[in-house]
Amino acid sequence: MKKIFMALTAAFMLHTASAKSVFANEGRKAGAIADPAEGWSRLFHEVLVDVTIMGVIFAAITIYYMLKYKRKSPDQVGSCKKLSAAQMWGWALIPAFVFMADDFFLAANTWSLWNIYRKPPAGSYEIEVRAEMWSWNFIYPGGAAAVNELRVPAGKPIALRMTSSDVVHSLYLSDFKVKEDCMPGRVTYYWFYPKVPGEHVLTCTEYCGAMHSGMYGKVIVMPQEEFDNWLKKETKA
Ligand SMILES: [Cu+2]
């Protein structure tokens, strides 16, 4: 059992030591844009792997001791060996240390990812969002506007400046792993990085009245040229 426990602990520590891929900057060339959605996915995967490894270690130990110390006869009285002070502190501190090390590791990675979330890269394309009961208004530089369809060019970081005309709404782009409240009298923001043309869901995730569930739309990622043509047409109109 000791061997299994040692092997599992060693596997976990090796995994943690080699898990530098969750760092938000990992694998990114100098000057390249960090994608919040990719960072989010890496971190989420890391959390899942870590809790699974720890869960398996604890379940294995529990099952082993349940079987080992199972009562052999109905009137059997249990007895236990006294632990030395070193054993006692070891049992308490080593697991606590492993947990805390992993917690700090994940927290540090969350912090660096958060910093990426809060800083739209230079050269982001900025679109204004005005939420109202119960639709999304998108206003582009130059005055073009769209309702419930957020058209964006592929391959460019997109920054949204959001506000609300009435109550609190929340704009959630699930595929891009971003969500933020839109509030009257206040401007909030986030950015995301659509890389390839395609369609994605956008939806309100803050209950805002009777038609809240109908307050959804599409993010339409278009090739740059197509987007430029669309924008030109809408700006003139
Ligand atoms: Cu809403």
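User: How many of the 13 residues of α4 are buried?

Analyst: A residue counts as buried if 20 or more other C-beta atoms, placed from the backbone, lie within 10 Å of its own, as exposed if 12 or fewer do, and as partly exposed in between. For α4 the count is 1, so this helix is hardly covered. This is a predicted model, where local features need pLDDT of at least 70, side-chain atom pairs count only at pLDDT 80 or more, and totals for chains, interfaces and linings use all residues. Numbering starts from 1 along each chain as its sequence is written.

User: Which strands does α4 touch?

Analyst: Helices (H or I, at least four residues) and strands (E, at least two) are DSSP runs, numbered from the N terminus. Helix α4, residues 224–236, packs on the sheet and touches β4 and β10; contact takes C-beta atoms, placed from the backbone, within 7 Å.

User: What order do the strands of the sheet have?

Analyst: Strands of a sheet pair through backbone hydrogen bonds, either parallel or antiparallel. Pairing here takes at least two DSSP bridges. The open sheet has 5 strands in the order β4-β10-β9-β6-β7, with mixed pairing. β4 and β7 stand at the edges with a single partner strand each, so one side of each lacks a neighbour in the sheet.

User: In what sense does β10 pair with β4, and over how many bridges?

Analyst: Parallel, over 5 bridges, with Arg 151 opposite Ile 220 in β10. β9 and β10 pair in the antiparallel sense over 6 bridges.

User: Which residues are on the covered face of β4?

Analyst: In a regular strand the side chains alternate between the two faces of the sheet. In β4, Leu 150 and Val 152 form the covered face, while Glu 149, Arg 151 and Pro 153 form the uncovered one.

Definitions and conventions. Contact = placed C-beta atoms within 7 Å. Axes fitted to C-alpha atoms, helices over the stretch in contact; angles between N-to-C directions.
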